[in-house]
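Colleague: Could you take me through one part of this model in close detail, with the whole chain as background? I would like the cut-offs as you go.

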Amino acid sequence: MEKHIDILIVGAGISGIGLAAHLSKNCPQRQFDIIERRESFGGTWDLFKYPGIRSDSDMSTFGFNFKPWQKANVLADGASIKGYLSEVVDEYQLKSKIHFKHRVLSANYDSSIRKWVVQIEDENQKRHTWIANFVLGCTGYYNYDQGFQPDFPNQATFKGQFIHPQHWPENFDYTGKKVVIIGSGATAITLVPAMAKGGAAHVTMLQRSPTYIASVPSIDFVYDKMRKVLPEDLAYKLTRARNIGMQRGIYALAQKQPKLLRKLLLKSIEMQLKGKVDMKHFTPSYNPWDQRLCVVPDGDLFKILRSGKASVETDQIEKFTETGIQLKSGQHLDADIIVSATGLQIQILGGIKASIDGKPIDTSKHMLYQGIMVSDVPNMAMIIGYINASWTLKVDIAADYICRLINYMDKNGYDQVIAQGDQTELMEDTVMGSLSSGYIARAADVMPKQGKHTPWNVTNNYLADRKILKHAKFDDNVLKFQKHTSVDSHKPKLVS
């Protein structure tokens, strides 16, 4: 049985829910369905259950522009973010639109009918064919089944528990245990204080190289005071504008005066370590924002390191032993539990096999028009959030652009749009930019590529993108539209 739908959103995480809310508001004439392979919505915020899971972006910019985050905490834990998304789902009546425990296996654009033929598998492994006008990818950029896991020498010898944070065991008790966390990114620096406070005997963060870490206040007192004297919406808008400006300012400073920003960041860490921890563990060899900048609320990581309940080692692994990890320096780290916070396995479009008239689409050979539409692929867009600011900022402006495009097509009687690519624009860098982080380097053979010039270059500059997307014209010689023709005479009536 074929099911005919209008717009298919793949993924019910932050991007999918945000896009669905925008479509509800701005394209009421259009119907949409959301496919979600998990049992619940929320994406990252439903998947990750490790201790301390939280945002690493401030909530005034991590919340959607249409729904103020009405709490004073700057960073929010996973459960609070899931709760916030739940409110959006309720307010926009999205629950009935989401098909849980359904997974997209393949999507083929059939140019003879100008529609996507999508193969879907339900929870009983039964296959269905859905025919869609548009496919909108909201799956993020990592594999939900599998985190990135290096093959450590002698790993099988270790007699304790070995965990990847992406697969945290339910009700896992680590009380009184010696824990070694491998990694120095956002997950590791969240886990260290959370597990140390949660009853672990001792937590050691083992890193190959240091990361830049900035401390941010956990409560936004200025926002809190503003809310008491100003209308809620205005206080939120002012706070959001201030934080967007600060995010952009720090990133711009990293580009223009990296030595100055490095000095400021290192001085701040030194003040918080108070001579109790060697600065070599927090002095990276690269410039700020060559890799992602991490944040900790109220310096919780530095406090726990000063207390002695946790420690940090900068070294390389020689091999695992029965009782822990042997380091190349000769030191041995005793461990009952080893947590491999080694990052994400990059994946695009949730691993869907996509094709046009049966010919596979290699996303790494394509660019993104306006950072949203896949070059040379009809009626497809994807949302990839910012790497240097809140993910959600991009969701809002990308969703708004997609809605404008759909309305433009409806007004002019178009049923197909293609962003016609230009191979001379193609660059080596992916749309993730020039960050040297491991997970981005691993994305080269999957991620769409940067283009040299507008509209193919992805700047990761929210303020510039917001202006460009808000005023973008659709008759620009890049977008190629096709009108409804006799090919549609047998077009089935759309159902939701």
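**Helix H9 and its setting**

Modeller: Starting with charge, the chain carries 61 positive and 51 negative side chains, with the centres of the two sets 4 Å apart; Lys and Arg count as positive, Asp and Glu as negative, while His and the chain ends are not counted, and each charge is placed at NZ of Lys, CZ of Arg, CG of Asp or CD of Glu. This is a predicted model, where local features need pLDDT of at least 70 and side-chain atom pairs pLDDT 80 or more, while totals for chains, interfaces and linings use all residues. Residues are numbered from 1 along each chain as its sequence is written, and side-chain values use heavy atoms, leaving out hydrogens and water.

The chain has 12 helices and 27 strands, taken as DSSP runs numbered from the N terminus (helices H or I, at least four residues; strands E, at least two). Of its 496 residues, 55% are buried, meaning under 20% relative accessible area with a 1.4 Å probe, protein chains only.

Now to helix H9, which covers residues 300-307. Its buried residues are Asp-300, Leu-301, Phe-302, Ile-304 and Leu-305. Among the elements covering them are helices H5 (186-197) and H8 (258-273), along with strands E11 (213-216), E12 (294-297) and E13 (310-314); contact here means heavy atoms within 4.5 Å. Just after H9 comes Gly-308, with a positive phi of about 90°.

Back at the scale of the chain, residues 24 or more positions apart supply 72% of the contacts with a separation of 6 or more. The C-alpha trace spans about 75 × 55 × 45 Å along its principal axes.

Technical notes. Buried means under 20% relative accessible area, exposed over 50%, partly exposed in between (1.4 Å probe, protein chains only).
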